Amino acid sequence: MDLITRKYVPLIQTSYRMLKSQIEATGGKMPVNSDARDDKNSDKLVRKLDCAVINYVHEIAKEAALPAFDTVRGLFPEGNEIYDGARFHERTHTQIAVRNDACIKGFFLPRGETPTLTSPVSPAPG
């Protein structure tokens, strides 16, 4: 699910409305995106609402027996504008959530890093 494109905007909007309706029907409270610290000028780094809406998309798909999304990609503008009137921000970044481990073909460690990895699978007898 590539949230950098417009393709999934209607799906996300529908998911939000359905989640909100379900939570309100049970008397619950919607999650909210909030500041990471008490600074009201900081970015909404604790994205509980966004997470709930995205997770709800996956619940809807599962209940409808639709194919699952293996990954989710989103763009998050953060920080100050890099110049007056800009839509570019100092700390804008892309996040990718891999929901299906089979999509991970490999990874790279930064130079100088020593891996401390464990494998859930025993090595084949050699």
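Trainee: Leaving aside its neighbours within four places in sequence, which residues is His58 in contact with?

Mentor: Keep in mind that we are looking at a predicted model. His58 lies in helix H2, and here we set aside whatever stands within four places of it in sequence. The residues then in contact with His58 are Met1, Phe69, Val72 and Arg99.

Trainee: Does His58 count as buried or exposed?

Mentor: The relative accessibility of His58 is 8%, and the cut-off for a buried residue is under 20% relative accessible area. Because 8% falls under that cut-off, His58 counts as buried.

Trainee: How many helices and strands does the chain have, and in which order do they run from the N terminus?

Mentor: The secondary structure comes to 2 helices and 4 strands. If you follow the elements of the chain from the N terminus on, you read the order α-β-β-α-β-β.

Trainee: What distance separates the C-alpha atoms of Val72 and Met1 in space?

Mentor: Along the sequence, Val72 and Met1 are 71 residues apart. In space, however, going from C-alpha to C-alpha, the two are apart by 4.7 Å.

Trainee: Which residues make up the largest nonpolar core?

Mentor: A nonpolar core takes in buried residues, and Val72, at 8% relative accessibility, is buried. Another member, Phe69, is in contact with Met1, Tyr8 and Val57 among others, when its neighbours within four places in sequence are left aside. The largest nonpolar core has 6 residues in all, namely Met1, Tyr8, Ile54, Val57, Phe69 and Val72.

Trainee: What is the volume of the largest pocket, and which element gives the largest share of its lining?

Mentor: The space in the largest pocket is about 570 Å³. Of the 23 residues that line this pocket, the closest to its centre are Leu3, Asp50, Ile54, Val72 and Phe76. The elements that give two or more residues to the lining are helix H1 (9-25), helix H2 (48-63), strand E3 (71-76) and strand E4 (93-98). With 7 residues, the largest share of the lining comes from H2.

Trainee: How many residues in the lining of the largest pocket are nonpolar, polar and charged?

Mentor: Here we sort the lining of the largest pocket by class of residue. The counts come to 15 nonpolar, 5 polar and 3 charged.

Trainee: In which loop is Ala65 found, and what is its phi?

Mentor: Ala65 is found in the loop between H2 and E3. Its relative accessibility is 68%, and because the cut-off for exposed is over 50%, Ala65 counts as exposed. Its phi is a positive value in a residue other than glycine, near 55°.

Trainee: Leaving aside neighbours within four places in sequence, which residues is His93 in contact with?

Mentor: His93 has its place in strand E4, and it is partly exposed, with a relative accessible area of 25%. The C-alpha atoms of His93 and Glu78 are separated by 7.7 Å, although the two are 15 residues apart along the chain. With neighbours within four places in sequence left aside, His93 is in contact with Gly74, Leu75, Phe76 and Glu78.

Trainee: What separation is there between the C-alpha atoms of Thr14 and Val57?

Mentor: Thr14 has its place in helix H1, and at 32% relative accessibility it counts as partly exposed. Thr14 and Val57 are 43 residues apart along the chain, and the separation of their C-alpha atoms is 8.7 Å.

Trainee: How many disulfides are counted?

Mentor: A disulfide is a covalent bond between the sulfur atoms of two cysteines. To be counted here, a pair of cysteine sulfur atoms must lie within 2.5 Å. By this rule, the number of disulfides is 0.

How values were computed:
Residues are numbered from 1 along each chain as its sequence is written. This is a predicted model: local features need pLDDT of at least 70, side-chain atom pairs count only at pLDDT 80 or more; totals for chains, interfaces and linings use all residues. Side-chain values use heavy atoms; hydrogens and water are left out. On a 1 Å grid over the protein atoms alone, a cavity is a set of points where a 1.4 Å probe fits but cannot get out, and a pocket is an open set with protein on both sides within 12 Å along at least five of seven lines; lining residues have an atom within 4 Å of a point. Grid points are joined across faces, edges and corners, and a volume is the space filled by probe spheres set on the points. Ala, Val, Leu, Ile, Met, Phe, Trp, Tyr, Cys and Pro count as nonpolar, Asp, Glu, Lys and Arg as charged, and the others, Gly among them, as polar. A nonpolar core is a set of buried Ala, Val, Leu, Ile, Met, Phe, Trp, Tyr and Cys residues joined through side-chain atoms within 4.5 Å. Buried means under 20% relative accessible area, exposed over 50%, partly exposed in between (1.4 Å probe, protein chains only). Contact means heavy atoms within 4.5 Å.
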